[in-house]
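Reader: I would like to go through this model feature by feature. Please give the general idea each time, and then the case at hand.

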Amino acid sequence: MKRYYLTTPIYYVNAAPHIGHTYCTMAADTIARWKSMQGYEVVLTTGTDEHGQKIERAAKAVGKTPREFTDLVSSEFRDTWTKFNLRIDRFKRTTDPAHHKKVQELFLACKANGYVHKGAYTGQYCVSCELYVTDAKPGDPCPDCGRPTETVTEENYYFKLSAFQEKLLKLYQEQPDFVQPDTRRNEVISFVKGGLSDLSISRTTIKWGIPVPDEDKHVFYVWFDALTTYMSAVEGENRWPADLHLIGKEIIRFHAIYWPAFLMAAGWPLPKKVFAHGFLLFDSDKMSKSKGNLVRPLPILEVVGADPLRYYLLREIVFGQDGNFSWDGVVNRYNSDLANGLGNLVSRTLSMITQYRKGKIPSGAGAQAIGELADQVTGQVKEAFENLQFSRGLEAVWTLLSAVDKFIVERAPWKLVKSQDPGDVAVLDETLYTAAEAVRVAAVLLSPVIPDSARKIWQQLGMVTPLENVRLEEFVWGQLPAGQVIAPGGGVFPRLDLTPTVDRIAELEEKEKLRQDVLVGKAPQQEAPPANNYISIDDFSKVDLRVGKVLSAEPVKGADKLLHLKVDVGEGQPRTIVAGIAAAYKPADMIGRKVVIVANLQPRKLRGLESQGMIVAASLEDGSPVLAGFHEEVPVGARLK
Ligand code: MSP
């Protein structure tokens, strides 16, 4: 049987999973499913990178041993992938003893071939943080604690990377596919052409690491240890070399330069391809721990679901390039493409078959033009997905869906059904068959990207063989069995209301952030709230409630529930506030009105506008808002206490 082995990076355990990790792992899962459809026996590995001084210190800070700490965070990763239903075949941890053995083997092989030597490593060291500060000059301060760094020299093992310049350039030349996309390949080539220095691969200042064979004090330094998981994860399975290492662009150098050099030095086979995807920005801003704007994956899973998130990420962003991520974006894509597009076509088709043909797929070959388009789209998807151009492939599927929508409107089955003319009966049969077969084709092509939803659609069509058994090479238009009884269920993608959905994600994100911060020791354990749920006066006084006067109000384009307000809060400069009150209040009625606003709420971007506060309103049972106000005159800027 054909085999395919792909990997994601193994993630550091100094942070809990965020949307960047999720993006990479979901994309890998999509590729794994795509390859399975081609008949490959696929193995996908991921895991956690657990050694090094930072982890040692993070553990200490929360009063745990490194082992206890890494167990905890590593299982966060594992559990997250399980919750997202990602098909992880092997989950490898660098703390696994079998992995240690492989790293030591790699080292001994490199050493035996003359590519390892001892030397002195000199760097800027922060004694207080017990960390080297890379790229620092003598006297530079430590970025973590600000104390001056000291120049320290220690004995290290070095890997002779400098011996591999020519060999690496030859590799990139002979296998242009080895590093992809081309922008990254060019970057790597020019880096290697610039000259390679030998690489320090051990440390004597660290304890939490894999011991170097026959040495008391040395442990391997992160990358020599980490990259080797790609082999130890499938040790004894005769599966190496990997077909694909999927990574983010910031670690391309380690994968496209160090890793093949280590393997060449050991005389071991090289992976076939390294593909680097781009970085996700959140609301057009770089995500980082220090900015506190990392997006966590579980709230989106809970509110929107895994499939819509996968679809959004792979449709919206050209794989390989950087892209923007926003909650509004996820919900809007969901509504436009999944609820109104695919979901609507499925429910429309199934309900016509139920009403007009008693729930049985009529016989007929399907309309030729749509059949041809479906085969053409299948070809486009195959080519695009094979080149990891997911957005292009998905776009192609939607050209088919729109063509079918148009086809249904043109044929007007609701008119045909009223006619007894045998010609009209046949045209109606053909129309219904065509729509249902197009839905089947879409379910197959989309199944690597939205696996759960595709399976639901497949089952609603009444298909008997499992979707997982479909093989691409045997898959063509016209295989939907006539006479098959459909099994319509509920809507696959019920529409979502933008503002409440985004608000709910934001609310869950806050909680999830706190939970993760507690886990990695960035926030103290919260005391359990008192049983009566009272808050203290201090808690209440943290909320800055103020009187504001609306200066202007206008609708927000494309968002029926939102108003864009300018509100004078007595600060000189009015504030922009985006409020979800458009269903209950006309813009003209808002102007001049006094309102209560929460003035110290974290600003948030909605539809490209930064909302700098929230208007206080009662929320009625049907969700409609009633603004808080005053019976007496009250000056702008007054505080509510
Ligand atoms: N432990 C190393 C990798 C060792 S592989 C042998 C590491 N870990 S990491 O936790 O920092 O994860 C890095 C990976 O997470 C990136 O390569 C990328 O796949 C993903 N991402 C992290 N932040 C990201 C974004 N903002 N956007 C997209 N992906 C990002 O480096």
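This is a predicted model: local features need pLDDT of at least 70, side-chain atom pairs count only at pLDDT 80 or more; totals for chains, interfaces and linings use all residues.

Reader: How many aromatic pairs does a search of the whole structure find?

Author: A pair of aromatic rings is described by the distance of the centres and the angle of the planes. Rings of Phe, Tyr and Trp (its six-membered ring) pair if their centres lie within 6.5 Å; planes under 30 degrees apart count as stacked, over 60 as edge-to-face and the rest as tilted. The search gives 31 aromatic pairs. In one of them, Tyr4 with Tyr40, the centres are 5.9 Å apart and the planes stand at 70°, so the pair is edge-to-face. The two residues are 36 apart in the chain: Tyr4 belongs to strand E1 (residues 3–12), and Tyr40 to the loop between helix H1 (19–37) and strand E2 (41–49). Helices (H or I, at least four residues) and strands (E, at least two) are DSSP runs, numbered from the N terminus.

Reader: What lies over the face of Tyr40?

Author: A charge sits over a ring if NZ of Lys or CZ of Arg is within 6 Å of the ring centre and within 35 degrees of the ring normal. Lys2 meets this over Tyr40, at 4.4 Å from the ring centre. Arg203 is placed likewise over the face of Tyr221, at 3.8 Å.

Reader: Which aromatic pair involves Phe107 and Phe224, and what are its distance and angle?

Author: Phe107 and Phe224 are edge-to-face, 6.5 Å centre to centre with 85° between the planes. Phe107 is in helix H4 (residues 97–112) and Phe224 in helix H7 (residues 222–227), so their pair ties together parts 117 residues apart in sequence. Both Phe107 and Phe224 are buried. They also belong to a cluster linked by ring pairs, whose members include Tyr115, Tyr157, Trp223 and Phe262.

Reader: What is the order of the six strands in the open sheet?

Author: Two strands pair if DSSP finds at least two bridges between them. The order is E3-E2-E1-E11-E12-E7, with parallel pairing. Strand E3 (90–93) and strand E7 (179–180) are the edges, each pairing on one side only. E7 is joined to strand E12 (residues 274–277) by two bridges in the parallel sense, and Val179 has Val274 as its bridge partner in E12.

Reader: Which helix lies across E7, E11 and E12?

Author: Axes are lines fitted to C-alpha atoms, for helices over the stretch in contact (heavy atoms within 4.5 Å), and angles run from 0 to 180 degrees between N-to-C directions. The helix is H9 (residues 252–266), which runs at about 140° to strand E11 (244–248).

Reader: Which strands does E16 pair with in the antiparallel sense?

Author: Strand E16 (residues 545–556) is joined to E19 by five bridges, to strand E25 (residues 639–640) by two, and to strand E17 (residues 559–568) by seven. Lys549 has Lys594 as its bridge partner in E19 and stands opposite Asp568 in E17. The hairpin of E16 and E17 has two residues between the strands, and Gly558 there takes a positive phi near 80°.

Reader: Where does Ile591 lie, and what does Ile591 touch?

Author: Ile591 is in the loop between helix H20 (587–590) and strand E19 (594–598). Leaving out residues up to four places away in sequence, Ile591 touches Val550, Leu551, Ser552 and Ala553. Its relative accessible area is 47%, so Ile591 is partly exposed.

Reader: How many residues has the largest nonpolar core?

Author: In soluble globular proteins, nonpolar side chains tend to be buried together. A nonpolar core is a set of buried Ala, Val, Leu, Ile, Met, Phe, Trp, Tyr and Cys residues joined through side-chain atoms within 4.5 Å. The largest here has 124 residues, and Ile300, Phe325 and Leu342 have the most contacts inside it. A second, separate core of 55 residues includes Tyr5, Cys110, Leu171 and Ala265.

Methods: Residues are numbered from 1 along each chain as its sequence is written. Side-chain values use heavy atoms; hydrogens and water are left out. Buried means under 20% relative accessible area, exposed over 50%, partly exposed in between (1.4 Å probe, protein chains only).
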